[in-house]
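Here is a protein chain to get to know.

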Amino acid sequence: ASHALNNDFAMGLTVKQGSIGEFKNTSPLNEMNVSVNLAYHKTLTNKLRLAVGLKLGYFNYSFDISKLDLYQNIDPIFSQRAYNINAPSTGFGTYLYSENSFIGFSCPQMIFIKSDETNYSNINHYQVTAGHVYKITNDEGVKFTTQIRYTADAPMQMDFNTHYFKDNIGSVG
């Protein structure tokens, strides 16, 4: 849910909960994230605007091995062990745009966790996106976009896209 506070500021609330896998009784893996999202839009010139977003929240990850329905329960790793991780989380993004161009940088979720007990540590994902629209006529054009994603200890990923569009197609009938 989100709400515009005025022409420049907006605020939102995000609540996400999920479980991993399908099990007879209940999932042993659960994740919950609650965050407050703030957005600010600033007109820099008559053609250029800047948007900045910030997310502040709370993250919970739980793993309860005892919820697994095991065929044989002889491995000591499957004893009645449960892990519960709570941590603050944040995210941010910037987006500079005009009528025909944009560029943005974001890290949508940063969770400050390093758990030696569970060997769990969060990996942040960084994204850069950019694009430009070339008008062919008043109602058609070509839009070129790219997105670059980076995560530590993983290959960098890049997407390049081209979109042809035509506005004002007209009404049917």
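The questions below set values against definitions.

This is a predicted model, in which local features need pLDDT of at least 70, side-chain atom pairs count only at pLDDT 80 or more, and totals for chains, interfaces and linings use all residues. Residues are numbered from 1 along each chain as its sequence is written, and side-chain values use heavy atoms, with hydrogens and water left out.

Q: What makes up the secondary structure of the protein chain?
A: The protein chain has zero helices and eleven strands. Helices (H or I, at least four residues) and strands (E, at least two) are DSSP runs, numbered from the N terminus.

Q: Why is Ser 35 called buried?
A: Buried means under 20% relative accessible area, exposed means over 50%, and partly exposed lies in between (1.4 Å probe, protein chains only). Ser 35 has a relative accessible area of 3%, so Ser 35 is buried. Its place is in strand β3. Across the protein chain, 23% of the 173 residues count as buried.

Q: What does Ser 35 contact, leaving aside its neighbours within four places in sequence?
A: Contact means heavy atoms within 4.5 Å. The partners of Ser 35 include Gly 12, Leu 13 and Lys 55. Leu 13 is 22 residues apart from Ser 35 along the chain, yet their C-alpha atoms are separated by 5.9 Å.

Q: How do you know that Arg 149 and Asp 159 form a salt bridge?
A: A salt bridge needs a side-chain nitrogen of Lys or Arg within 4 Å of a carboxyl oxygen of Asp or Glu. The closest N and O atoms of Arg 149 and Asp 159 are 2.9 Å apart, and the pair forms a salt bridge. Arg 149 lies in strand β10 and Asp 159 in strand β11 (residues 157-166), so the pair ties together parts ten residues apart in sequence. A search of the whole structure finds one salt bridge.

Q: Why is Arg 149 called partly exposed?
A: Arg 149 has 22% relative accessibility, so Arg 149 counts as partly exposed. Asp 159 is also partly exposed, at 30%.

Q: What is the nearest side chain of opposite charge to Glu 140?
A: Lys 166 is that side chain, 4.8 Å away. Lys and Arg count as positive and Asp and Glu as negative; His and the chain ends are not counted. Glu 140 is buried yet has no salt bridge. Glu 140 is found in strand β10 (residues 140-151).
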